[in-house]
Amino acid sequence: MSPQVFIVIGPAGSGKTTIAQQTAEKHQAAYLDKDRVSGRFVEFALTATGHDPTDRESNNYYRANLLPLEYETLMDVAGVNLRLGRSVVLDAPFGAYFDDPDYLTRTVNDFHWPSPEITVIRVRVPQDVLRSRLIRRALERDNWKLAHWDDYWATYGRLECSWSGVQFQDFDNEAPLSLD
């Protein structure tokens, strides 16, 4: 059986990581979380260049310079796993690439992925539930999101991506998350 790719997308606090980890376990796939793959380097680079390491949504330097490197690194690591015959689950928002229908086609070519089956799992959550989750988890990286809620939701709350050559699967995650 050919390796599969599962891309789990959703805004911060949607439950994307939980769904991605469950998917990886179910399919015995490598679990690749963008923040774990490159987050520490990004925080270092933002701090070293005089930027707030917790603000990525409104930071033009991050969006122009570091965000592309994060995703290229994630896709490169995925490609290595796929060439070894290992399915992968990618856990990342991917919002910057939703409007590009050929994004994954280019990725497959650029990073020499074998011809895998690609499933995009969209983790959907209502706006009020998402906002309450971000407030409850009280992470510093969510401060900008909450302070600019309407802008954040308008940009990152939608999960309408135009990628071609993939299967889409929706997961409605309205259940309250535990405090643990």
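A residue is called buried if its relative accessible area is under 20%, exposed if over 50%, and partly exposed in between (1.4 Å probe, protein chains only). The model on display is predicted, so local features need pLDDT of at least 70 and side-chain atom pairs count only at pLDDT 80 or more, while totals for chains, interfaces and linings use all residues. Residues are numbered from 1 along each chain as its sequence is written, and side-chain values use heavy atoms, with hydrogens and water left out.

**First stop: strand β1**

Select residues 4-9, which form strand β1. Helices (H or I, at least four residues) and strands (E, at least two) are DSSP runs, numbered from the N terminus. In a regular strand, side chains alternate between the two faces of the sheet. In β1, Gln4, Phe6 and Val8 lie on one side and Val5, Ile7 and Ile9 on the other, and all are buried.

Next, display the neighbouring strands; two strands pair if DSSP finds at least two bridges between them. β1 and β4 run parallel and are joined by six bridges. β1 also pairs with strand β3 (residues 88-91) in the parallel sense, over four bridges. Isoleucine 7 stands opposite leucine 90 in β3.

**Second stop: threonine 119**

Which residue in β4 is the bridge partner of phenylalanine 6? Select threonine 119, which is that partner. Threonine 119 has 8% relative accessibility and therefore counts as buried. Leaving aside neighbours within four places in sequence, threonine 119 is in contact (heavy atoms within 4.5 Å) with Val5, Phe6, Ile7, Gln167 and Gln169.

Move to residues 149-156, helix α7, where tryptophan 149 and tyrosine 152 lie three residues apart, about one turn of the helix. Rings of Phe, Tyr and Trp (its six-membered ring) pair if their centres lie within 6.5 Å; planes under 30 degrees apart count as stacked, over 60 as edge-to-face and the rest as tilted. The whole structure holds nine aromatic pairs. The ring centres of tryptophan 149 and tyrosine 152 are 5.7 Å apart and the planes stand at 40 degrees, so this pair is tilted. Are these two residues buried or exposed? Tryptophan 149 is buried, with a relative accessible area of 8%, and tyrosine 152 is buried at 2% relative accessibility.

Finally, select Tyr71, Phe94, Tyr97, Phe98, Tyr103 and Trp163, which ring pairs link into a cluster.
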